[in-house]
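Reader: Could we go through this model together? I would like to begin with the contact and then turn to other topics.

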Amino acid sequence: MRLAWWKILCIVQLLIISVAGFIGDVPAKPILNETIRNYYFHVPMWFGMMIFFIVSVIYSVKYLRSGKLEHDIVAVEYANVGLLFCILGLTTGMIWANYTWGKPWSNDPKQIGAAIAFLIYFAYLVLRNSMIDPDKRAKIGAVYNIFAFAMLFPTIWIIPRLLESLHPGGMGNPALNPGDVDSRMRYLFYFIAFPGWAILGVWVATLCIRLKKLEEKKLQHA
Amino acid sequence: MRNKKWPGLLAGLLLAGISLFSQTPMTGDEPVQMADALHANGKIYAVVAVVFTIVIGIVVYLIRLDRKISRLEKEA
């Protein structure tokens with residue numbers, strides 16, 4: 001089997017960021033010190049999560065329009081990977097906060113918003129698994145997924161930006177403010193760290209989707 | 001058909017390469033305690049080696065999983 005080009009790109013990017021992320025020069029800032037390198041690892045988790053949840057909701061809408069179960073499988077698996085990235089983002093954020101803010105959880109608006117978003121998406125999986133009938137499960141799950149996505153707007157994109165916070169970008173964008181991050185770090189972030197981690201998530205999601213489809217096929221033949 | 005895939009990979013690698021040029025020393029900030037000793041005596045490379053190994057391990061595992069699923073798809 002030949003590896004697809006985007007998988008090769010993902011591997012190269014991850015290898016580069018795991019070296020350049022530690023050796024590359026970073027601006028010396030008080031409080032942050034060397035932890036500023038977490039920017040290459042913590043922030044891509046959230047960017048990745050947003051992309052996976054967007055893909056998930058698109059496929060949920062597609063499922064409701066077409067009624068094809070494949071679309072539902074794609075929506076579920078991308079929501080799964082999005083949740084994984086959300087958990088990783090929350091945990092890495094807590095580890096980072098422990099050394100810069102003084103404690104892992106300070107009831108910061110961004111932390112609470114992310115935790116609420118996590119619980120809402122977690123409820124999506126719980127809701128799905130509480131139903132046995134596949135069509136009913138897919139339909140109710142898809143409708144819930146659209147509402148869960150709508151809740152991302154206040155919890156992740158609006159409320160954290162309105163309130164004072166320890167997290168950078170309190171009165172603007174949490175990750176993209178020009179003054180927050182050195183432009184040289186931003187190159188490494190946009191061209192290597194963010195696409196590398198995001199493609200890794202897509203890769204895992206496609207593997208899960210293919211496995212689920214194989215399982216479905218087996219069930220149909222049995 | 002395969003020729004169509006190479007421009008994508010090349011463009012991605014080119015963008016990745018450009019960003020490496022931006023890794024020039026950063027100066028002008030007020031003195032802040034950084035892990036300069038870790039960089040000076042080369043111990044940072046131990047950390048890099050560990051993370052590099054983990055990434056390679058995960059990627060090899062993913063590739064193997066990918067191949068297994070491809071084989072199952074062919075059989076089905």
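Predicted model: local features only at pLDDT ≥ 70, side-chain atom pairs only at ≥ 80, totals over all residues.

Reader: How many residues does the contact take from chain A and from chain B?

Author: Chain A contributes 42 residues to the contact, and chain B contributes 42 residues.

Reader: And what area do chain A and chain B bury between them?

Author: Between them, chain A and chain B bury about 4,000 Å², with 75% of it on carbon and sulfur atoms.

Reader: How many salt bridges are there between chain A and chain B?

Author: The count is 3 salt bridges. One of them pairs A:Arg210 with B:Glu73, where the closest N and O atoms are 3.1 Å apart.

Reader: Which elements give two or more residues to the side of chain A that touches chain B?

Author: Those elements are helix 1 (5–23) and helix 6 (183–221) of chain A. By class, this side of chain A holds 29 nonpolar, 3 polar and 10 charged residues.

Reader: Let us change topic. Which residues touch the most other members in the largest nonpolar core?

Author: They are A:Ile17, A:Met49 and A:Leu152, in a core of 72 residues. In chain A, the elements that give two or more residues to this core are helix 1, helix 2 (42–66), helix 3 (69–100), helix 4 (109–129), helix 5 (134–162) and helix 6; in chain B, they are helix 1 (5–21) and helix 3 (44–75).

Reader: Which element gives the most to this core?

Author: Helix 6 of chain A does, with 15 residues.

Reader: What does A:Ile17 touch, leaving out residues up to four places away in sequence?

Author: On that basis, A:Ile17 touches A:Tyr40, A:Phe41, A:Leu188, A:Ile192, A:Ala193 and A:Trp197.

Reader: Now the backbone. What is the phi of A:Asn33, and where does A:Asn33 lie?

Author: A:Asn33 has a positive phi of about 50 degrees, although it is not a glycine. Its place is the loop between helix 1 and helix 2 of chain A.

Reader: What about the phi of A:Asn107?

Author: A:Asn107, also not a glycine, has a positive phi near 50 degrees. This residue is in the loop between helix 3 and helix 4 of chain A.

Reader: Is A:Asn107 buried or exposed?

Author: A:Asn107 counts as exposed because its relative accessibility is 53%, and the cut-off for exposed is over 50%.

Definitions and conventions:
Residues numbered from 1 in each chain as written. Chains lettered and ligands numbered in written order. Heavy atoms only, no water. Contact = heavy atoms within 4.5 Å. Buried area = accessible area lost by both parts, 1.4 Å probe. Salt bridge = Lys/Arg side-chain N within 4 Å of Asp/Glu carboxyl O. Helix = DSSP H or I, 4+ residues; strand = E, 2+ residues; numbered from the N terminus. Nonpolar A, V, L, I, M, F, W, Y, C, P; charged D, E, K, R; others polar. Core = buried A, V, L, I, M, F, W, Y, C linked by side-chain atoms within 4.5 Å. Buried < 20%, exposed > 50% of the residue type's maximum accessible area, 1.4 Å probe, protein only.
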